[in-house]
Amino acid sequence: MQELSNAILRDGIGLGTDVVKVDSFLNHRIDTGLLTRMGEAVREAFADEQVDCVLTVEASGIALALTTAQAFGNVPVIFAKKSGHINVGSDVYSARVYSFTHQRENLITVSRRHLQKGMRVLIVDDFLANGEAMRGLTDILRQAECVTVGAAVAIEKGFQPGGQKLREEGLKVVALATVDAIRDGQIILREA
Ligand code: 5GP
């Protein structure tokens with residue numbers, strides 16, 4: 001998506017060799033117009049699909065999940081909660097997710113009340129790196145016997161293996177922009 005690519009090149013910051021900071025428009029300060037159009041772009045990419053709800057993980061996936069859900073005609077958004085508790089009880093689905101940015105394991109949970117068997121769910125997140133968050137979310141959908149329609153992310157880091165692994169497993173994964181490398185602080189984007 002050209003508008004997102006422009007924003008990444010203009011405002012994104014490359015940290016070291018593998019972290020992209022886009023907190024001036026995506027995950028701290030939010031450019032609401034851009035996020036609205038990103039949600040519409042996700043809708044176009046999954047135009048043929050029936051989507052009953054959008055699933056993400058708190059906190060930074062929520063903005064794109066919301067605009068995507070609006071583009072699909074105001075379907076609900078469910079965001080998995082990050083829980084420090086090991087004993088989460090029987091009223092939730094849960095999965096362990098290793099966080100790339102925080103370098104620690106989180107337990108993510110979704111209340112069983114919100115996911116019904118057979119529901120068609122689109123997963124949305126801000127970044128796709130090693131695919132841990134996606135894996136946790138697909139695992140929760142499997143537990144709930146929902147249909148995973150696919151996964152959409154704002155930014156895929158193409159030099160990390162998550163996207164390729166998920167596609168090889170047959171999941172439709174759509175990235176609105178793909179970062180191929182970070183060199184000397186400069187973000188190198190894949191051509192659309
Ligand atoms: P994964 O689970 O695919 O390894 O990483 C995706 C999750 O980690 C996303 O939910 C995102 O919040 C975070 N993340 C991964 N890489 C980056 C990055 O380069 N920048 C930011 N801001 N978040 C990232």
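The legends below describe close-up views of a predicted model.

Local features are reported at pLDDT of at least 70 and side-chain atom pairs only at pLDDT 80 or more, while totals for chains, interfaces and linings use all residues. Residues are numbered from 1 along each chain as its sequence is written, and side-chain values use heavy atoms, with hydrogens and water left out.

View 1. The ligand takes up the space of the largest pocket. On a 1 Å grid over the protein atoms alone, a pocket is an open set of points with protein on both sides within 12 Å along at least five of seven lines; a cavity is a set where a 1.4 Å probe fits but cannot get out, and lining residues have an atom within 4 Å of a point. A molecule sits in a cavity or pocket if more than half of its atoms lie within 2 Å of its grid points. Around the ligand there are 17 residues, of which Val20, Ala129, Gly131, Ala133 and Lys157 come nearest; a residue is near a molecule or strand if one of its heavy atoms lies within 4 Å of it. Strand 7 (120–128) supplies at least two residues of this shell, as do strand 2 (19–21) and helix 4 (132–143). With four residues, strand 7 gives the largest share. Helices (H or I, at least four residues) and strands (E, at least two) are DSSP runs, numbered from the N terminus.

View 2. Asp126 places a polar side-chain atom 3.1 Å from a ligand oxygen atom. For Ser60, a polar side-chain atom lies 3.3 Å from an oxygen atom of the ligand. Glu132 instead has a backbone N or O atom 3.1 Å from an oxygen atom of the ligand. The ligand taken alone exposes 500 Å², and the protein buries 89% of that. Accessible areas come from the Shrake-Rupley method with a 1.4 Å probe; for residues, only the protein chains shown count as cover.

**View 3. Cys53 and Cys146.** The structure holds zero disulfides (a disulfide is a pair of cysteine sulfur atoms within 2.5 Å). Cys53 is in no disulfide, its nearest cysteine sulfur being that of Cys146, 7.0 Å away. Seen from Cys146, the closest cysteine sulfur is likewise in Cys53, too far for a bond. Cys53 counts as buried because its relative accessibility is 1%. Cys146, at 11%, also counts as buried. Buried means under 20% relative accessible area, exposed over 50%, and partly exposed in between (1.4 Å probe, protein chains only).

**View 4. The cis peptide bond at Glu58 and Ala59.** Glu58 and Ala59 are joined by a cis peptide bond, with omega about -5°. Ala59 belongs to the loop between strand 3 (53–57) and helix 3 (62–71).

View 5. Asn74, a residue other than glycine, has a positive phi near 65°. The loop between helix 3 and strand 4 (77–83) contains Asn74, which is exposed at 60% relative accessibility. Asp184, again not glycine, has a positive phi near 50°. Its loop runs between strand 9 (173–183) and strand 10 (186–189), and Asp184 is exposed with a relative accessible area of 85%.

**View 6. Leu176 and Gln2.** Leu176 is part of strand 9 and counts as buried, at 7% relative accessibility. Leu176 and Gln2 are separated by 174 residues in sequence, while their C-alpha atoms are 8.6 Å apart in space.

Definitions and conventions. A polar contact is a pair of N or O atoms within 3.5 Å; within protein, one must be able to donate a hydrogen and the other to accept it, and residues adjacent in sequence count only if both atoms are side-chain atoms.
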